[in-house]
Amino acid sequence: MSEKNSQSCQEGCFEMWYGVFLWAGVSSLVFHLPAALLALSTLRGHKIARFFPIAIMLMAIIGPLLGGVLTSAAIAGVYMAAGKRMISLEAFVFGVGQSFCVLVISFLRVLATL
């Protein structure tokens, strides 16, 4: 493989990774922001629990930074190995899908403790 071809493959992989990662981050914020606002409005009078919205927003940022980076890179790697190009709708579906899976697993984990 020539150097120019290798560089274009790396750029293509980065574009795919970045698209999926951005959608995962944005959708995570969209999922967590209403929860943080609801917690802020309902727990504002509580002595300790009023700080829960900060924890919720931290998870909205830290989750995609730690887990989203790896899963987005894995998705982009599979697409590169298959020799396919990713359109922006696919990046949207994979990014929102990652956040939706985290949301579902979080609810199931809480329900299992009740």
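Helices are DSSP runs of H or I with at least four residues, numbered from the N terminus. By this criterion, L29 falls in helix 1 (residues 3-42). The model is predicted: local features need pLDDT of at least 70, side-chain atom pairs count only at pLDDT 80 or more, and totals for chains, interfaces and linings use all residues. Residues are numbered from 1 along each chain as its sequence is written, and side-chain values use heavy atoms, with hydrogens and water left out.

L29 is partly exposed because its relative accessibility is 35%, between the limits for buried (under 20% relative accessible area) and exposed (over 50%; 1.4 Å probe, protein chains only).

Aromatic pairs were examined next. Rings of Phe, Tyr and Trp (its six-membered ring) pair if their centres lie within 6.5 Å; planes under 30 degrees apart count as stacked, over 60 as edge-to-face and the rest as tilted. Six such pairs occur in the whole structure. F14 and Y18 are stacked, because their ring centres lie 5.7 Å apart and their planes meet at 15°. Both residues belong to helix 1, four residues apart, about one turn of the helix. F14 is partly exposed, at 48% relative accessible area. Y18 is also partly exposed, at 40%. Y79 and F94 form an edge-to-face pair, with 5.9 Å between centres and 80° between planes. This pair links distant parts of the chain: Y79 lies in helix 2 and F94 in helix 3 (residues 88-113), 15 residues apart. Y79 is buried at 11% relative accessible area, whereas F94 is partly exposed at 30%. Ring pairs also join F14, W17, Y18 and F21 into a cluster.

Definitions and conventions. Helices (H or I, at least four residues) and strands (E, at least two) are DSSP runs, numbered from the N terminus.
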